[in-house]
Amino acid sequence: MSLVRPFDKLPTLNSAAILLVGTDESQQQQLAEAILKEKKNFKINIHVATSLPLPAERDHIRPRIDLIAFMINMQSKHSLRNVEASLSHMDANFFLGKVCFLITGVGRMNHCSVEMNAVRKLGNLYCSPVLFCELDSEGIRVATAQRLLRMLQICAGHMPGVSALFFSSLMKSSIDE
Amino acid sequence: MRRSGRRQDMDTPDSGGMTPLGRKTAETGINFTSTTRFSRGLTFIRTHTLFGQSPTRRIIPQTSLLQENADPQKIAFLLRKQWTLYSVTPMYKFSYGNLKEYSRLLSAFVAAEKQKGLAVEVGNDLGIKVTLSTLLGLKGTDQDQVAILVQIASRSQLPFENAENKVVWSGWFCCISGDDLLESVPEDFTCLSLFLANGAESYTAIVGSWFQKTFDCYFSRLTISPLNLAWMAAMWTGCKVDSHMAATELVFSVPCIPQSLDISYAIHPEDAKALWDTVQKTPGEVTQEEVNLFMDCLYSHFHRHFKIHLSATRLVKVSTSIASAHCDGNIKILHSKHLIGVLTLLTELAISQIQ
């Protein structure tokens with residue numbers, strides 16, 4: 001089974017690919033629809049997977065993945081365990097700014113089954129930004145989609161002068177006090 | 001790192017972030033003295049419960065027995081009843097000397113509310129009698145305020161049964177080992193952060209609104225998150241019970257299904273205790289890792305048999321021989337020996353909710 005690698009394929013002109021990894025398919029669907037609704041001047045490929053590694057047989061038709069968003073639902077410990085297991089099937093180069101953790105379901109604190117500490121630790125351990133959102137709320141869903149799209153643009157190299165590594169180190173300085 | 005030793009921290013006054021900010025507010029001279037004290041306390045608390053995190057370690061209280069002056073009849077009254085949990089902010093100018101006066105006023109208030117706003121005279125016989133009394137011996141530490149029991153008794157409508165008043169509603173305030181809150185609250189306030197009610201909800205609303213108006217406090221429902229329920233499952237499983245062992249039962253709710261599906265997972269109490277004993281490393285102390293490991297063991301056992309990931313569902317109810325708790329904020333305590341232990345945890349949750 002092959003690792004997902006960030007730089008093993010050539011980029012396609014004017015397009016970017018994001019991979020959403022998470023156990024909750026309806027949430028992935030919701031987020032993907034929100035991303036597609038946003039106005040953008042490039043072609044976007046959204047790939048969804050419940051876990052990594054990705055199947056090897058269709059690897060040749062898969063585009064280069066520019067950004068991986070791991071979705072963790074605060075209300076399901078299973079989603080956290082799944083992400084933790086998936087992380088070992090990735091090339092280390094991805095963690096140079098092309099990974100983010102998307103924490104969903106933070107709106108209802110008294111339904112949380114995952115400790116806040118655990119996800120913050122995960123973010124620190126893998127040097128990747130942790131984004132909190134509540135996909136059930138329309139406004140936050142749109143904002144999250146915009147945010148991911150912006151990150152994707154940077155990760156795909158569409159923003160002159162800003163690289164993924166530079167951007168993630170910018171994010172990091174604001175996360176750690 | 002500082003968070004890990006929560007209990008120990010409180011003994012040492014140099015708890016990190018609180019001093020600089022306290023000093024800063026005092027220097028600017030905008031705040032009054034009492035406000036400064038209060039804000040300093042809040043800063044101290046905030047460093048501990050950022051994002052509503054639960055502590056990574058909890059101590060099982062050693063002196064779990066009730067104090068000697070406890071009235072066994074009153075304590076027995078608290079057990080084996082379904083109580084609804086509320087958290088209460090500190091009460092302003094509450095006085096233990098005035099309980100009789102409060103009883104009289106509250107009786108009149110309840111009667112007035114029941115008569116839909118018609119005027120009533122204080123002190124008249126209205127068929128409703130409210131009694132406020134102290135619940136002695138219900139303390140975790142000596143600093144804790146004395147617990148208060150509120151009971152509403154209604155005169156029977158039938159004339160020949162006038163001998164006994166029937167208790168229609170009861171509620172009690174307590175605060176067990178609530179030291180972190182007590183330290184930060186100014187003198188005129190009384191901290192009785194946890195309120196438990198049993199009876200018609202309309203009475204709870206009336207009594208709550210009287211307390212809110214009279215003592216400038218605020219009542220809110222105390223719900224228990226699945227994380228805290230897991231803590232309860234682990235901590236209560238580890239408690240020793242001499243007699244009347246009931247099965248440890250966990251109820252899970254499966255999301256994303258039109259009609260809700262509940263999964264009940266019952267474990268023989270001795271098996272649960274045996275599992276917990278292999279998980280727990282230091283007696284008298286429970287850590288977050290141990291709780292996680294205990295639950296993960298139960299989950300993987302269930303997965304092996306039924307191929308269902310319980311970790312993807314939501315824990316909604318825990319019942320053990322000690323007590324049972326529902327995520328909506330209902331609790332039933334079964335053992336007087338563990339009453340203080342259960343209330344200590346609930347007080348901690350109530351305090352973290354009001355901060």
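What is the mean pLDDT of chain B, and what share of its residues reach 70 or more? The mean pLDDT (the predictor's confidence in each residue, from 0 to 100) of chain B is 80, and 77% of its residues reach 70 or more. This is a predicted model, in which local features need pLDDT of at least 70, side-chain atom pairs count only at pLDDT 80 or more, and totals for chains, interfaces and linings use all residues. Residues are numbered from 1 along each chain as its sequence is written, with chains lettered from A and ligands numbered from 1 in the order in which they are written.

Select residues 1-52 of chain B, where the pLDDT is below 50. Where pLDDT is low, the predicted coordinates should not be read in detail. The model scores ipTM 0.84 and pTM 0.83.

Next, select the contact between the chains: 14 residues come from chain A and 13 residues from chain B. On the side of chain A that touches chain B, α2 (77-86) and α3 (116-125) each supply at least two residues, and α2(A) gives the most, with three residues.

Of its 129 residues, A69(A) and C174(B) touch the most other members. Because domain 2 (72-221) and domain 3 (226-327) of chain B, with bounds from an automatic or database domain assignment, both give residues to this core, it lies between them.

Finally, select helix α11 (residues 339-354) of chain B. Of its 16 residues, 15 are buried, that is, 20 or more other C-beta atoms, placed from the backbone, lie within 10 Å of their own.

How values were computed: Contact = placed C-beta atoms within 7 Å. Helix = DSSP H or I, 4+ residues; strand = E, 2+ residues; numbered from the N terminus. Expected span 1.5 Å × (residues − 1). Buried ≥ 20, exposed ≤ 12 C-beta atoms within 10 Å, placed from the backbone. Core = buried A, V, L, I, M, F, W, Y, C linked by C-beta atoms within 7 Å.
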